[in-house]
Amino acid sequence: APLSTLLNVDEIEAAATKVISKRAWGYYFSAADDKISKYLNTQAYRSILFRPRVFVDCRTCELGTNLLGHKVGLPIFVSPTAMARLGHPTGETGIAEGCRSFRALQIIANNSSLPPEEVVANAPPTQIFGWQLYVQLNRKLSESMLARVNRLDQIKFVVLTLDAPVSGKREDDERINIQANATASVSTQLFAGTDPSLTWVDTLQWLSQHTTKPIVLKGIQTHEDAVLAAQYAPFVKGIVLSNHGGRSLDTAPPAVHTLLELRRYCPDVFDKVEVWVDGGIRRGTDAVKALCLGAKAVGIGRPAFWGLAAGGVEGVERTLQSLFSSKIWISIVLLT
Ligand code: FNR
């Protein structure tokens, strides 16, 4: 289907599903166990309703914001997602190009299919990125990756992912692997080298010795851990409330629930670190709700991959575009 006929993320997902390999679909679509968290991630936004105020001048609507001190064009970023080339030959550079016209932030995954140097080199010097780290059992591998990232000025921060010490039980990925008679599912292969022994003090101390960039901790799911994370400010500059798109621990809470928990039990955290969320954002209204509830930005994982698979760079653009049609975003002006 021509991209112009695809009006929303669900339609883009359906179009992508028709054109990608089974293996890519299994890896992208899958989530842990019964996919309860994946389902609730979108459902949670649907059950939060607006209180729209009227008689507010909506002629201008500024979508630009500042993330960790860097100007971006949208409060929507692309979350780190491994293996973009499984779904489209342009891979992470295609996503970067799709982000460019919106000045949207992209976080390059540790397990990206193209090296970060290449993704960044293809972008203009003004385009900014984050880089996501899975600490490897062989620490020397992570240390050399961090050294490479230190040299890339366009990468402004390192995102340390904490909610997946081991791979979740992703059955769509496993099933397709069994049918194909391959040795191991994509997820199993990717997680083979990751270190499941990370802890607050030791890991953050190790990391501080190997990076020159500020840190964002991804996968915070309780207010207790948000408070702990904020104790490491200003080295830790941000947290991403996330359940990994439901791919890690099934029945972990949707990020927007954790966001509400933080507002109630540790509102000071919002002054100490930037609070971002991801998981289940499929509509502009979802993003607006998270922003109204105190998130500084929202991330999209699968939607960017569906866009890339459905239409390359333009597909990514179409996905981003579908999330901030002006009609919807006027709500921000109404609510904040
Ligand atoms: C992910 N995610 C992820 N997170 C991370 O920190 N490192 C990674 O390598 C990956 N890889 C990855 C691959 C695929 C195919 C998906 C779908 C997700 C999780 C990702 O960053 C994000 O938290 C979720 O995707 C957000 O949920 P939605 O937007 O997909 O609903």
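Visitor: Which residues of the largest nonpolar core touch the most other members?

Guide: A nonpolar core is a set of buried Ala, Val, Leu, Ile, Met, Phe, Trp, Tyr and Cys residues joined through C-beta atoms within 7 Å, where buried means that 20 or more other C-beta atoms lie within 10 Å of a residue's own (exposed is 12 or fewer, partly exposed in between, with C-beta atoms placed from the backbone). Here the largest such core has 90 residues, and Ile76, Ile239, Val277 and Val298 touch the most other members. Helix 14 (residues 302–323) gives the most to this core, namely ten residues; helices (H or I, at least four residues) and strands (E, at least two) are DSSP runs, numbered from the N terminus. This is a predicted model, in which local features need pLDDT of at least 70 and side-chain atom pairs count only at pLDDT 80 or more, while totals for chains, interfaces and linings use all residues. Residues are numbered from 1 along each chain as its sequence is written.

Visitor: How far does the predictor trust the chain, and what pLDDT does it average?

Guide: On pLDDT, the predictor's confidence in each residue from 0 to 100, the chain averages 95, and 97% of the residues score at least 70.

Visitor: How does strand 9 present its side chains, and which residues point which way?

Guide: In a regular strand the side chains alternate between the two faces of the sheet. In strand 9 (residues 274–278), Glu274, Trp276 and Asp278 point one way and Val275 and Val277 the other, and all are buried.

Visitor: Where is histidine 244 placed, and is it buried or exposed?

Guide: The unreviewed UniProt entry lists His244 under "active site", and such annotations may be inferred rather than shown by experiment (positions follow the numbering used here, and feature names are shortened). Histidine 244 is in the loop between strand 8 (236–241) and helix 11 (255–265), and it counts as buried because it has 25 C-beta neighbours inside 10 Å.
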